[in-house]
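Take a moment to look over the chain before reading on. We will start with aromatic rings and then turn to metal ions.

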Amino acid sequence: MEFKLITLGISSASPTVNRFPSAHVLKVRGRSFLIDCGEGAQLLMKRYGINFNGISDIFLSHLHGDHLYGIFGLLSTMSLMGRTSPINIFAPRGFSRIMEFLNSEIGKDKQYEINFIPVECRSPYFIEEFSNLTIEAFPLKHRVETYGYMFREKQPDRNVHKSLIEPYGLTLREIASLKRGENVIRNVEDGKPVTEADGSGKDAAFANVLTTDVFTYRPFEPRSFAYCSDTARFNELPLWIKGVNLLYHEATFTSEMDGKAEKTFHSTAAEAAACARDAGAGKLVMGHFSSRYRDLSQILKEAREVFPESYLAKEGAEFDIPLDKVQDLR
Ligand SMILES: [Zn+2]
Ligand SMILES: [Zn+2]
């Protein structure tokens, strides 16, 4: 039931000898997603033992090189390694020009499909869905068309309180209905259980109703992760990611450089932290650091003054979102 972010490339446009441009892997319950693919992404994935073939989807925030140039090497290596499973790439529409190149140059010998899904929106919208996860895109405020991504676990199926099964003589069919969130209605006259799904619910006076509220509980709280890079601060963003468990937000500059941050549509550490605070986030991970900072302690300090649960992305660091299990207390 893992849900964790692995930060790989943590630098902004100019890499340093110690820091590569943006690249991150999100692992959610057996699936692996690559989020941005700066130069060196495949090298970093190898360094930290991330299986290339395990990546099913790539999400690109925008078409600046520090988020993109690693894709050529990565897709080419996937071909060399004999990949056969398709890969989805979510990116702004302009990526279609790059797709033409990929298909003509890398594409000749490859045995796998690259599916490009253009992202275009002015407010959050769903772009992909799995059995236990939804993914939304939302616009960011940068110099070019840029999108953030929100990964949300779906509400888990309900569990039936074990202590109620025997006293109420719950049948397997009734348990299955309750787990699906359907109340069970037992006909008092003939004693046969009927469910709401059957469309044959009886008047309350003639029926015993076993409600999901009483008989079931959610076994855990769904988790969420939001990715916000690159962006200047804007008012809607904290609302769009309200209550997120883990937020990645760029923090290119310290407050001393807020003029430059504004001019280049980037964020300072304090702005990233304010976004986390206003969103009611559980934890903030900052990355996309300017190459001017050899030491990142000032970035951390400024963020923690606004939002104490702030952390610096590090190459190869893992940020887990632990499962908040709900106890069966009945
Ligand atoms: Zn960037
Ligand atoms: Zn950018």
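A residue counts as buried when its relative accessible area is under 20%. Keep that cut-off in mind. The model shown here is predicted.

Start with F59. Its relative accessible area is 0%, so F59 is buried. F33 also has a relative accessible area of 0%, so F33 is buried.

Now look at the rings. A pair of aromatic rings is described by the distance of the centres and the angle of the planes. In this model the count comes to 13 aromatic pairs. One of them joins F33 and F59. Their centres are 5.8 Å apart, with 75 degrees between the planes. That pair is edge-to-face. It also links distant parts of the chain. F33 belongs to strand β3, residues 31-37. F59 belongs to strand β4, residues 55-59.

F151 has 0% relative accessibility, so F151 is buried.

Step back from the single pairs. Ring pairs join F33, F59, F90, F130, Y149, F151 and F225 into a cluster.

K46 lies over the face of F52, 5.8 Å from the ring centre. The charged end of R83 sits over the ring of Y112, at 5.7 Å from its centre.

Next, the metal. Which residues are the protein donors of the zinc ion (ligand 1)? They are D66 (OD), H67 (NE2), D230 (OD) and H288 (NE2). These donors lie 2.1 to 2.2 Å from the ion. Along the chain their spacing is D-H-x162-D-x57-H. The angles among the four donor atoms run from 93 to 168 degrees, and the site is irregular.

H67 and D230 link distant parts of the chain, 163 residues apart. H67 is in the loop between β4 and α2, and D230 is in the loop between β15 and α7. With a relative accessible area of 0%, H67 is buried. D230 has a value of 1%, so D230 is buried.

How values were computed: Residues numbered from 1 in each chain as written. Chains lettered and ligands numbered in written order. Predicted model: local features only at pLDDT ≥ 70, side-chain atom pairs only at ≥ 80, totals over all residues. Heavy atoms only, no water. Phe/Tyr/Trp six-rings, centres within 6.5 Å; stacked < 30°, edge-to-face > 60°. Helix = DSSP H or I, 4+ residues; strand = E, 2+ residues; numbered from the N terminus. Buried < 20%, exposed > 50% of the residue type's maximum accessible area, 1.4 Å probe, protein only. Lys NZ or Arg CZ within 6 Å of the ring centre and 35° of its normal. Donors = N, O, S within 2.8 Å, 3.2 Å for Na, K, Ca; no water. Tetrahedral: all angles 85-135°; square planar, octahedral: opposite > 155°, others 65-115°.
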